[in-house]
Amino acid sequence: MLSSPSLYHLPPHRTHHRRSSSSSSSNSSPDHLLPLLHTFNSPFELKQLHAHVLKTSSPLSLIPLPRVAAVCALSPPATFAYARQIFQRVDCGDSEIVLWNSCLKTFAEGDCPKDVISLFKRLREFDVFPDSFTLSFVLKACLRLSDVRNGRIVHGNVEKLGFGWNLFLQNSIVHLYAKCGEMGNARLMFDKMPHRDVVAWNIMMTQLIKRDEVEQAYGLFAEMPERNVRSWTLMIAGFVQSGKPREAVNLFLEMEKAGVKPNEVTVVAVLAACADLGDLFLGRRIHEYSNRSGFGSNVRVSNTLIDMYVKCGCLEDARGVFDKMEERTVVSWSAMIAGLAMHGQAEEALKLFSTMIQVGVKPNGVTFIGLLHACSHMGLVDQGRKFFASMTCDHSIVPRIEHYGCMVDLLSRAGLLQEAHEFIMNMPIDPNGVVWGTLLGGCKVHKSIALAEEAIRHLAVLDPFNDGYYVVLSNIYAEAEQWENVARIRKLMREQGVKKTPGWSTITVDGTVHEFVAGDESHPQAVEIFRMWGNLLEKMKENGYVPNTSVVLLDMEEGEKEKFLYRHSEKLALVFGLMNTEPGTPIRIMKNLRVCEDCHAAFKLISAIVGREIVVRDRNRFHYFKDGSCSCRDYW
């Protein structure tokens, strides 16, 4: 039997002296209780209301039970028991758990999911029988908290109470184990599920991809009995994130054949793959699809389009997307600034930054990487120093290793090698291989053997298997005619098992990507390519071309070195492009390594001879060859 609570101090208008029976009947009206019924916010106020209900002989069912649960859910045990007594007195029966579930749902979706765990513990303490909804809300909280310990308790309840048939609960448990790093338990649970829907497969794939286990994720993808757009998108994005853009594009083409319509997330993932590959043909097709599908207002799609066009050498198209955006984020501005700098339009990059500040967009760390690159390519050392200082002073941005690398690049390009070296030695964070490699590049341009040897000593520890650094040092020795040191470096590479990365270049013609490697004679048009190269070579020599055989670090006759130079992959790709594209159209080539000095000089002459614009994206930057010149301020 529910005991009557003490009356406490009731509001004055509710504690008048006894009146006549007719007046008492009037005060018992439910309308008289409405103000207090819906405003109590604490157990104390609830007890005041309860006392008033008893005093006025009003039905207890007038008290809103969901409100009682919300007020008493996290109260001390005695008050929690008091709330349960109200529920029992009203005889809500099996619906009591529904009341607590309402609280659990609110807590699970609120700012403090720990409250879900507290309430769940209280329910277990008072033997309140949970249902599937109870367990789903607790699992949601465990997921938000990455709380696998309490998740195991819920898992036990699911099994004990016979909810193994509930697919939502099963998926949530798999998700929890996987998210908390217990992939073994997640996979065990997944394998034991009597029925798996596409959600279960997607959960496992997502968590594997997050752990860079892309091949395992693809193994699951291949086994899926059915796939939705999320399944395809997950796998495409996973390939992109793991540095496998070609696999991502191939999978997207399979997705199209399967008749699955890409969504905005798919579009972003495929555009990122196109950017990495330089696949302008597919990138444009995806852009057209995006416009037809109404994705034009999606900021993330637009940002990725900017990046794609920048990396495919189409700066005007990137600027077109940027200018049409109704809403721009700091990512939009930063991508455009970086693109302008990468394409040799550093002055435009600095102007755009000024506009960005004027419209009130706060820059981030990526913005300053673009700005520092722009200053490097323009030789604006003082301006670069000011930007680096303003990061911390004006924008409270802590410089990362990339920013320090940009400063070393800025100083090295300007020939301030000693200052660059001192800058590295005074960095508050440990320099990585990229930082020392940047200094090494400066040493090659400005012919500093001593600092180059200092840089390579650090690189031998930080990045011992990067062949590029050894090649640069060999070039430095070769230019100084220190042939014994050239031989020593080659021997060191052999002893340490460092193999030179084979150079390759790609060019897309009519939607088909053609790849060439150095010395490639296997292409179906190889004979025609070499014949046309011979004709070009005659015209180039008439215009002053002299082969730069110093870039060939092989022990062979001069004539053989020249022949080796003529078979560089970018030269083969260029000639193929000239043969298979319309006169006057730009030629775009992607290369995995730096364009060598000889190819750089050759391309400038060829652009004037054939009257074509040639765009080459190498490992470092973009080169625009037109009318006998390059957009780069310097070769490096």
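Me: How many residues does α24 have, and how far does α24 reach from its first C-alpha to its last?
Reply: α24 has 13 residues and reaches 18 Å from first C-alpha to last, close to the 18 Å expected at 1.5 Å a residue. The expected span is 1.5 Å times one less than the number of residues. Helices here are DSSP runs of H or I with at least four residues, strands are E runs of at least two, and both are numbered from the N terminus. This is a predicted model: local features need pLDDT of at least 70, side-chain atom pairs count only at pLDDT 80 or more, and totals for chains, interfaces and linings use all residues. Residues are numbered from 1 along each chain as its sequence is written, and side-chain values use heavy atoms, with hydrogens and water left out.

Me: Is α24 mostly covered or mostly open?
Reply: Mostly covered, with 11 of its 13 residues buried. Buried means under 20% relative accessible area, exposed means over 50%, and partly exposed is in between (1.4 Å probe, protein chains only). Among the buried residues of α24 are His 403, Tyr 404, Cys 406, Asp 409 and Arg 413.

Me: What covers them?
Reply: The cover includes α22 (365-378), α23, α25 (417-425) and α26 (433-446).

Me: And which residue with a positive phi follows α24?
Reply: That's Gly 415, with phi near 85°.

Me: What about Ser 396, where does that sit?
Reply: Ser 396 is in the loop between α23 (381-395) and α24 (401-413). Its phi is positive, about 55°, although Ser 396 is not a glycine. Most residues other than glycine have a negative phi.

Me: Buried or exposed?
Reply: Ser 396 counts as exposed, at 64% relative accessibility.

Me: OK, and Asp 127, what's its phi?
Reply: Near 55°, a positive value in a residue other than glycine. Asp 127 is in the loop between α7 (114-125) and α8 (132-145), and Asp 127 is exposed, with a relative accessible area of 68%.

Me: Switching to α3. What should its 13 residues span?
Reply: At 1.5 Å a residue, α3 (residues 43-55) should span 18 Å, and its end C-alpha atoms are 18 Å apart, which agrees. The buried residues in α3 include Leu 46, His 50 and Val 53. Ser 57, which follows α3, has a positive phi near 60°.

Me: How do α18 and α20 cross?
Reply: The axes of α18 (residues 299-311) and α20 (residues 330-342) come within 10 Å and cross at roughly 5°. Axes are lines fitted to C-alpha atoms, for helices over the stretch in contact, with angles from 0 to 180 degrees between N-to-C directions. The two helices are therefore roughly parallel (angles under 35 degrees; over 145 is roughly antiparallel, 65 to 115 roughly perpendicular, the rest oblique).

Me: Which residues make that contact?
Reply: From α18, Val 299, Asn 303, Ile 306 and Val 310; from α20, Val 331, Ser 332, Ala 335, Met 336, Gly 339 and Met 342. Contact means heavy atoms within 4.5 Å.

Me: Last one, Asp 618. Where is it?
Reply: Asp 618 is in the loop between β4 (614-617) and β5 (622-626). At 8% relative accessibility, Asp 618 counts as buried. Leaving aside neighbours within four places in sequence, Asp 618 is in contact with Lys 591, Leu 593, Arg 594, Val 595 and His 623.
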